[in-house]
Amino acid sequence: KELKPKPANMLFDSLISPILTYGCEVWGTYQKQNFDVWDKNQIEKVHLQFCKYYLGINRKSSNIASRSELGRFPLKIFIDTLILKYYNHLITMPDDSIAKQSFLISKSLFSQAKLSFHSNLQSIFQIYNLGDLAALRNSLIINKTLTEFTCKMKNQYFEKWKIDVQASSKLSFFSSFKNDYECETYLDTINNFEERRHFTKIRLSNHRLAIETGRYTKIPLEDRLCNFCDDRAIESEFHMLYQCSFYKNIRKDFYDKISLNYEQIDNLKLTYELFHSTSEKTIQHFSKFIYKCFKSRED
């Protein structure tokens, strides 16, 4: 968790993923082609465990947000890409090989409208709008087309991800600034793990502000008030970052360091600019500000 994201991702992909996906070229075709169902799969749960452990957040954090912070897609897309590569391998094998004979039998079952490897492979083509498998007529999926297919899979998931983020009440703050799907700059920039962890926590609403804790104790939203000031305001991320008087001195110190005239910028625009910043100076000072705010609550 204290590594930079690139080597951390590389370790998972080279050491853990091959174990999780062993033999997936066959069994992967029998998985339901549904990302919501796939998130409940034990294999994807290990993937999500890795994402959340690296980010320093707990298991109640959003699955879709956790993966997107690291720019990682569900392993289902990786598995489906391997399945298409395996199709290439099968059609180049000699007809008298056992694997090729099994493949031809599955095609025969498909023609009889029976469940088989080939029928499930056709479902993958349909789900991702990759065209008709029969149109290939035992032709290789060329590398360029395979790359295009993988891009289509990722684009389809990205569109679903955007809809799910907007629809999630837990991710209302996250949706105010996160609109792309890539590994976030701050993960490379913030060297102190605890500061980085608290930065992630506020981004993903995995904290102990009343707006979040009240969700689990069934307190109505309008009653999740801040106990650190007299404003009688809902203790949201916006309230802590920009309004609560309890953090006034910490906030002023932060604004002074980045020379920001915050009074002329509305909260939504300010949130987008700060959380989207690629400036190392801004990210470092912003993360320290957030860390100090959370630590001051514990004193």
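**Reading the model**

Analyst: Arg215 and Glu212 share helix 12 (residues 210–216), where they stand three residues apart, about one turn of the helix. Helices are DSSP runs of H or I with at least four residues, strands are E runs of at least two, and both are numbered from the N terminus. This is a predicted model, in which local features need pLDDT of at least 70 and side-chain atom pairs count only at pLDDT 80 or more, while totals for chains, interfaces and linings use all residues. Residues are numbered from 1 along each chain as its sequence is written, and side-chain values use heavy atoms, with hydrogens and water left out.

User: What joins the side chains of Arg215 and Glu212?

Analyst: A salt bridge is a side-chain nitrogen of Lys or Arg within 4 Å of a carboxyl oxygen of Asp or Glu. Arg215 and Glu212 form such a bridge, at 3.3 Å from N to O. As for cover, buried means under 20% relative accessible area, exposed over 50%, and partly exposed in between (1.4 Å probe, protein chains only). Arg215 has a relative accessible area of 24% and is therefore partly exposed, whereas Glu212 is buried because its value is 3%.

User: How many salt bridges are there by this rule?

Analyst: The count comes to 20. One of them joins Lys178 and Glu69, at 3.7 Å from N to O. This pair links distant parts of the chain, 109 residues apart: Lys178 is in the loop between helix 9 and helix 10 (186–189), and Glu69 is in helix 5 (residues 63–69). Both Lys178 and Glu69 are buried. Another bridge, between Lys288 and Glu195, has an N to O distance of 3.3 Å. Lys288 belongs to helix 16 (residues 280–298) and Glu195 to helix 11 (residues 193–203), so this bridge ties together parts 93 residues apart in sequence. Lys288 counts as partly exposed because its relative accessibility is 34%, while Glu195, at 9%, counts as buried.

User: Which residues are linked with Glu69 in a network of salt bridges, and with which residues is Glu69 in contact?

Analyst: The network consists of Glu69, Lys178, Glu184 and Arg203. Contact means heavy atoms within 4.5 Å. Leaving aside neighbours within four places in sequence, Glu69 is in contact with several residues, including Leu55, Phe174, Lys178, Glu184, Arg203 and Leu204. Glu69 has a relative accessible area of 0%, which means that this residue is buried. The C-alpha atoms of Glu69 and Thr278, 209 residues apart along the chain, are separated by 15 Å. For Ile83 and Asp223, 140 residues apart, the C-alpha separation is 51 Å.

User: Is Ile83 buried or exposed, and where is this residue found?

Analyst: Ile83 is found in helix 6 and is buried, because its relative accessible area is 0%. Apart from neighbours within four places in sequence, Ile83 is in contact with Cys24, Glu25, Gly28, Thr29, Leu121 and Ile124.

User: How many of the residues of helix 8 are buried, and what covers them?

Analyst: Helix 8 (residues 117–127) is mostly covered, with eight of its 11 residues buried. These are Phe117, His118, Ser119, Asn120, Leu121, Gln122, Ile124 and Phe125. Their cover includes helix 2 (24–27), helix 6 (75–91), helix 7 (98–111) and helix 9 (143–167). After helix 8 comes Asn129, whose phi is positive, near 55°.
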